[in-house]
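Have a look at the structure first, and then read on.

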Amino acid sequence: MTKRHLPAIAALLLSACAGGGQDGRGYPSLAKRPIETGPADGAARAPADRAADMLAGEQSPEPALLRQLADLAAQVGNGDALFERAYDETAGRIRVAASAPVSSEQWVAAHVLLGALEQARYQSAMAMASLDTLYAERLNAIALGKATGGIPQIEAQRTAALAIVDAQNDKVDALRAVLKEP
């Protein structure tokens, strides 16, 4: 490339930069666009905004939701009773196997009992999962304007159920910890 081509190349490069924006420097405007300000009357609001409004002015949930919550609370309670009964029957026998060698008959029997105990917490865990699903569905329904109220009641049931399921998990984990690992 020769020195006589340099001015032509420089002119070409500068012409590419010349098509700037309204301010002549090529930067986009920082002014709000219509989509960022939304409609002036506030008619079209985001679902999250509607949900926040609904939660702020919390209304009493419908009786069907309260019945569903009562059924799920009963499931958690029944599941906890089953778990506690199974725990009382198996915990001592599992602890006795704590000194048993890995893969011995006593060690295997303790793991079978531990599996049965884990199975006993199924009903409580499934009710907890149903409460989580109900919570998510309810938030979505409120955001879409299809339902009102019920979130504090669902949260209260979820908190109570989670405490029960966590206590069951802690008991199973404590028993698992006493057994030797392969």
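Helix 5 and helix 7 run roughly antiparallel to each other, because their axes cross at roughly 170°, and an angle over 145 degrees counts as roughly antiparallel. Please keep in mind that this is a predicted model. Helix 5 covers residues 105-120, and its axis comes within 10 Å of that of helix 7. On the helix 5 side, the residues in contact are Leu114, Leu117 and Glu118; on the helix 7 side they are Val172, Leu175 and Arg176. Sorted by class, this contact has 4 nonpolar and 2 charged residues, with no polar ones.

Helix 7 also packs against helix 6. Helix 6 spans residues 122-143 and helix 7 spans residues 151-178. Their axes lie 9 Å apart, at an angle of about 155°, which means that helix 6 is roughly antiparallel to helix 7. The crossing of helix 6 past helix 7 is left-handed. Helix 6 contributes Ser124, Ala125, Met128, Leu131, Asp132, Leu134, Tyr135, Arg138, Leu139 and Ile142 to the contact. Their counterparts in helix 7 are Ile151, Ile154, Glu155, Gln157, Arg158, Ala161, Leu162, Ile164, Val165 and Gln168. The residues of this contact comprise 13 nonpolar, 3 polar and 4 charged.

Here are the two pairs in one view:

| Helix 5 and helix 7 | roughly 170° | within 10 Å | 4 nonpolar, no polar, 2 charged |

Leaving aside residues up to four places away in sequence, Gln168 touches Gly79, Asp80, Phe83, Arg121 and Ser124. Ser124 belongs to helix 6 and is listed in the contact with helix 7.

Now for the protein as a whole. Its secondary structure comes to 7 helices and 0 strands, giving the pattern α-α-α-α-α-α-α along the sequence. Of its 182 residues, 24% count as buried. Among contacts with a separation of 6 or more, 79% are between residues 24 or more positions apart.

Methods:
Residues are numbered from 1 along each chain as its sequence is written. This is a predicted model: local features need pLDDT of at least 70, side-chain atom pairs count only at pLDDT 80 or more; totals for chains, interfaces and linings use all residues. Side-chain values use heavy atoms; hydrogens and water are left out. Axes are lines fitted to C-alpha atoms, for helices over the stretch in contact, and angles run from 0 to 180 degrees between N-to-C directions. Angles under 35 degrees count as roughly parallel, over 145 as roughly antiparallel, 65 to 115 as roughly perpendicular and the rest as oblique. A crossing is left-handed if the near helix is turned anticlockwise from the far one by less than a right angle, and right-handed if clockwise. Contact means heavy atoms within 4.5 Å. Ala, Val, Leu, Ile, Met, Phe, Trp, Tyr, Cys and Pro count as nonpolar, Asp, Glu, Lys and Arg as charged, and the others, Gly among them, as polar. Buried means under 20% relative accessible area, exposed over 50%, partly exposed in between (1.4 Å probe, protein chains only).
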